[in-house]
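This briefing follows a few residues and the contacts they make, grouped by topic. Please keep the structure at hand while reading.

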Amino acid sequence: MDDRSPFGRADLQTVCLIAIASIACIGALKFGQAVLAPIVLGLTLATVLTPAMRLMARLNLPHVVGALGALVFAVVALALIALWAGPIMMELVNVLPRVSDHLRTWMSDLTLALRGLEALEGQLAERGEEAMEEAMPTVIDALWLAPNLMAQALIALGTLFFCLLTRSDIYDWLGPRARRRLTTADRAVSHYFVTIAAVNATLGMAVAAALTVMGVPDPMVWGAAAFLLNFVLYLGPAIMVVSLLIAGMTHFSGGMVLLPPAVFLVLNLIEAQFVTPTFVGRRLSLNPLAVFLAIVFGLWLWGPVGGIVALPILVWAYVLITEENEARRALERRAA
């Protein structure tokens, strides 16, 4: 085979080496989840807090004071979110048994309507109870997980602080060209994340208000769920639609069953097609397939943390590649 051909031996070896290196990197990321996931989360939070660091720099505050201030802001914000989400999660825990009871009733009625499936119903019910018992964490599990979660939180906060403290020095060491592009990417990620958070909060309030008007119980729970799940593009809204359909079947009858998911779909469509593009800008319009695969891969790799950091990392890489392509085209125009 001719090594100079487009599909020669050299190209095949390169492709094989890239495939092997990719599999090895994915395995290392999966194996090192306990350490790497909080580190990447801390780096992502540091990127999101870029505007706060710029504000403190304009106030002529020492860099260490700015890093400490941003760290305190992040800790306080996370604590407030935890305090705000705690009662909502408890309410959600109270809502789930009611939904489960309705689903169990529907399944029982459906099973009894079919001949010869009574034994299967008993087996399914028995297996369902066993699955619920297996899924519920024990006190020992909670005690075992607490130190690990605390250690991962400390790793994330330590990475956040030292990244904020030394990021400028690292960028200076990489050179002015790399500094310019990395700074642009950081600003893009920060702008994207803060804007999406504000848009999702508005969507959550709109969903809660609409469900309150319709008389759906626990509208604040649904609003909080819409706010959180909308960060996971495509998958989150799909989960909301299915959940609201179940809620509609639980609390309404007739055509009203479809009203809660239909209202959410309309609000989500307005947000996705008009609000988000207006505030985020077309420049950061990402390929839907890339976004979907990135989120799925992040969830598979690191669970919820992976789902959180997948989109900021994708935006960061997209901006870097865009900046590189624009710089290359500018050089080509000058050469021409």
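In this predicted model, A185 touches W316, V319 and L320, once residues up to four places away in sequence are set aside.

- A185 is found in helix α7, and with a relative accessibility of 0% it counts as buried, because buried means under 20% relative accessible area.
- Although A185 and A317 are separated by 132 residues in sequence, their C-alpha atoms lie 7.7 Å apart in space.

**D186 in helix α7**
- D186 is also placed in helix α7, which covers residues 176-214, and D186 is buried, with a relative accessible area of 3%.
- Leaving aside neighbours within four places in sequence, D186 is in contact with T47, T50, R167, Y171 and W316; W316 is also among the residues that A185 touches.

**R167 in helix α6**
- R167 belongs to helix α6, residues 139-174, and counts as buried at 10% relative accessibility.
- Not counting residues up to four places away in sequence, R167 touches A46, T47, T50, M53, F162 and D186, and T47 and T50 are likewise among the contacts of D186.

**Helix α2**
- Helix α2 runs over residues 33-48, and its 16 residues reach 22 Å from the first C-alpha to the last, close to the 22 Å expected at 1.5 Å a residue.
- The buried residues in α2 are A37, P38, V40, G42, T44, A46, T47 and V48; among them, A46 and T47 are touched by R167, while T47 is also in contact with D186.

Terms used:
Residues numbered from 1 in each chain as written. Predicted model: local features only at pLDDT ≥ 70, side-chain atom pairs only at ≥ 80, totals over all residues. Heavy atoms only, no water. Helix = DSSP H or I, 4+ residues; strand = E, 2+ residues; numbered from the N terminus. Expected span 1.5 Å × (residues − 1). Buried < 20%, exposed > 50% of the residue type's maximum accessible area, 1.4 Å probe, protein only. Contact = heavy atoms within 4.5 Å.
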